[in-house]
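Here is a short briefing to read alongside the structure. Please have the sequence and the 3D view open as you go through it.

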Amino acid sequence: MTELQAAKLKELKGNFRGAIVLPGDNAYESARKIWNAMIDKHPAVILRCATTSDIVHAVNFARDNGIILAVRGGGHNIAGNAMCDDGIVIDLSQMKAARVDPDARRVTVEGGATLADLDAATQAHGLATPVGINSTTGVAGLTLGGGFGWLSRKYGMTIDNLESAEVVTATGEVVRASATEHPDLFWALRGGSGNFGVVTRFEFRLHPVGPDVLSGLIVYPISEAKRVLQQYREFMAKAPEDLSVWPVLRHAPPLPFLPAEVHGKGVIVLALFYAGDPKQGEPLIEPLRKFGTPTGEHVGVQSYTAWQKTFDPLLTPGSRNYWKSHNFSTLKDGLFDVVIEYVEKLPSPQSEFFFGALGGATTRPAPDSAAYAHRDAMFVMNFHGRWEDPADDERCIRWARDFFHASAPFASGGVYVNFLTADEGIRVLTAYGPNYDRLAQVKRKYDPGNLFRMNQNIKPA
Ligand SMILES: Cc1cc2nc3c(=O)[nH]c(=O)nc-3n(C[C@H](O)[C@H](O)[C@H](O)COP(=O)(O)OP(=O)(O)OC[C@H]3O[C@@H](n4cnc5c(N)ncnc54)[C@H](O)[C@@H]3O)c2cc1C
């Protein structure tokens with residue numbers, strides 16, 4: 001930041017209700033850290049906004065001074081665009097309030113809330129909207145890329161439940177986007193990532209869920225992985241939309257319900273969730289126990305909010321992470337062979353592979369009904385390299401990339417924008433797919449100068 005800009009920052013301070021964090025401040029080191037420890041950026045200033053008006057001042061300041069701008073929601077994105085070097089970060093982590101209208105079945109949640117903040121507020125009324133499977137993820141980034149989790153087969157993608165959003169645009173204007181107000185912007189926000197402005201508030205439709213749900217894990221040895229996956233494929237083709245099952249292949253963590261000799265060994269875990277009455281779910285999940293000889297299971301009725309946090313201990317911030325992802329419309333035997341081959345050479349104890357199950361309500365909207373285009377995706381795969389030591393970077397990244405190439409012939413060609421890393425090149429176009437040109441038009445209207453470019457970027461048409 002130049003001296004002139006630093007002087008102007010002093011001016012900004014006069015209008016700013018939140019905290020201004022500068023290099024050298026006590027809070028700076030923790031404020032610049034995000035989920036993926038591979039991201040090591042040093043912003044010139046982190047603006048911890050407290051109000052929509054703080055965000056307006058921050059956007060105007062960055063634009064008027066020609067300073068690079070990043071926006072941090074939950075700070076989870078693997079690509080690390082929530083931080084920038086030498087620029088301004090609009091940090092929403094202090095804006096987490098969620099307000100529920102139980103009669104209207106709506107929630108309004110601020111742009112820095114995590115899934116845990118949202119779920120806690122809505123579950124107080126026995127309500128929920130579909131979000132992801134790790135409760136420390138940000139609502140903002142997840143929603144702007146599409147968003148899916150355990151409830152998606154029944155209630156759709158997160159964006160399918162978005163009713164409206166309050167947005168600070170590149171001109172510093174505060175607008176409401178919905179089906180009837182700025183509908184072009186509303187269309188683009190639902191899958192176009194952070195390209196169109198800073199979302200200060202999201203309004204979602206809610207559905208009755210839980211508060212207790214049938215959910216848990218059934219674990220098989222890796223030696224049975226192929227036949228488990230084959231039966232899983234047949235099972236999911238007929239499964240009701242209330243039921244979601246995700247296979248996870250990894251080294252077994254030291255979970256108390258697994259025999260000690262299994263800990264650290266290769267396993268395939270069927271993570272299951274039933275969105276309806278647990279009693280009705282019991283007989284439906286029974287076949288999952290007969291895919292082979294399970295080494296353990298931990299399935300029962302627990303609160304939805306507890307289930308939403310089940311995977312948090314395996315996904316804590318501060319590790320080094322590198323992902324590679326494809327979408328699939330069908331699962332072929334050849335793909336299972338590739339998956340098992342690469343899982344047998346996992347580069348670290350924390351690395352894992354999963355298929356996220358979509359289908360059902362996620363496939364019903366037309367591919368051009370919102371910016372998120374991948375309505376044909378029945379499964380989203382993620383090869384998740386995770387390790388601690390920077391000396392392992394090259395080896396772990398190579399493993400993920402090799403797997404990605406080996407599995408590509410079986411993929412549908414699409415990819416989920418929220419699972420892209422920072423080095424994906426033209427795959428950004430694949431993520432927006434056939435909606436890219438329309439997104440570029442909306443980008444030209446709302447952000448012709450590409451102020452919001454720290455993201456999987458859409459160039460203004
Ligand atoms: C452990 C883990 C588990 C995950 N599980 C799932 C899952 O089950 N389902 C799923 O769909 N996704 C999942 N994801 C992916 C997740 O959706 C993305 O990483 C998402 O971008 C995270 O959002 P965030 O706000 O936490 O991230 P950030 O890094 O803060 O933000 C990501 C990007 O979004 C933009 N952005 C953030 N906030 C705003 C805002 N308020 N206004 C405008 N732009 C903004 C910025 O461009 C930013 O670079 C998971 C990610 C992780 C790390």
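Between which strand and which helix does the loop with histidine 182 lie? Histidine 182 is found in the loop between E9 and helix H7 (183–189). Keep in mind that this is a predicted model.

**Backbone geometry**

- Most residues other than glycine have a negative phi, and most peptide bonds are trans.
- Histidine 182 is not a glycine, yet its phi is positive, at about 45°. With a relative accessibility of 32%, histidine 182 counts as partly exposed.
- Asparagine 450 also has a positive phi, of about 55°, although it is not a glycine. You will find asparagine 450 in the segment after helix H14 (436–446).
- Is asparagine 450 buried or exposed? Its relative accessible area is 10%, so asparagine 450 counts as buried.
- The peptide bond that joins glycine 210 and proline 211 is cis, with an omega of about 5°. Proline 211 belongs to the loop between strand E11 (207–208) and strand E12 (212–221).

**The ligand and its shell**

- The ligand is surrounded by 34 residues, of which the closest are Gly73, Gly75, Asn77, Phe148 and Tyr416.
- By class, this shell has 16 nonpolar, 17 polar and one charged residues.
- Strand E3 (69–72), helix H5 (139–145) and strand E10 (198–205) each give the shell at least two residues. The largest share, four residues, comes from H5.
- Tyrosine 416 has a polar side-chain atom 2.6 Å from an oxygen atom of the ligand.
- On its own the ligand has 950 Å² of accessible area, and the protein covers 97% of it.

**Nonpolar cores**

- The largest nonpolar core holds 81 residues, and those with the most contacts inside it are Tyr232, Val245, Leu249, Leu270, Leu288, Phe353 and Phe355.
- Which strand gives this core its largest share? That is strand E14 (residues 266–274), with eight residues.
- Another core lies apart from it, with 41 residues, among them Val107, Ala177, Phe202 and Leu420.
- Phenylalanine 353 is in contact with Pro247, Val248, Leu249, Val339, Val343, Met381, Asn382, Phe383 and Phe403, leaving aside neighbours within four places in sequence.

- An α-helix has 3.6 residues a turn, so residues three or four places apart point the same way.
- In helix H11 (residues 333–343), the buried residues are Leu335, Phe336, Val338, Val339, Ile340, Tyr342 and Val343.
- These buried residues pack against helix H8 (225–238), strand E13 (243–251), strand E16 (320–328), E17, strand E18 (379–387) and helix H12 (393–407).

**Glutamate 352, a buried charged residue**

- Glutamate 352 is part of strand E17 (residues 352–357).
- Its relative accessible area is 9%, under the 20% cut-off, so glutamate 352 counts as buried.
- Which side chain does the side chain of glutamate 352 make a polar contact with? The partner is the side chain of arginine 250, at 2.8 Å.
- Not counting residues up to four places away in sequence, glutamate 352 touches Val248, Leu249, Arg250, Leu315, Leu346, Asn382, Phe383, His384 and Trp399.

- Alanine 170 sits in the loop between strand E8 (162–168) and strand E9 (174–178). Although in a loop, alanine 170 is buried, with a relative accessible area of 7%.
- Leaving aside neighbours within four places in sequence, the contacts of alanine 170 are Val59, Arg63, Tyr446, Asp447, Leu451 and Phe452.
- Alanine 170 and glycine 210 are 40 residues apart along the chain, and their C-alpha atoms are separated by 40 Å.
- Methionine 1 has its place in the segment before helix H1 (3–15), and at 40% relative accessibility it counts as partly exposed.

Methods. Residues are numbered from 1 along each chain as its sequence is written. This is a predicted model: local features need pLDDT of at least 70, side-chain atom pairs count only at pLDDT 80 or more; totals for chains, interfaces and linings use all residues. Side-chain values use heavy atoms; hydrogens and water are left out. A nonpolar core is a set of buried Ala, Val, Leu, Ile, Met, Phe, Trp, Tyr and Cys residues joined through side-chain atoms within 4.5 Å. Buried means under 20% relative accessible area, exposed over 50%, partly exposed in between (1.4 Å probe, protein chains only). Contact means heavy atoms within 4.5 Å. A polar contact is a pair of N or O atoms within 3.5 Å; within protein, one must be able to donate a hydrogen and the other to accept it, and residues adjacent in sequence count only if both atoms are side-chain atoms. A residue is near a molecule or strand if one of its heavy atoms lies within 4 Å of it. Accessible areas come from the Shrake-Rupley method with a 1.4 Å probe; for residues, only the protein chains shown count as cover. Ala, Val, Leu, Ile, Met, Phe, Trp, Tyr, Cys and Pro count as nonpolar, Asp, Glu, Lys and Arg as charged, and the others, Gly among them, as polar.
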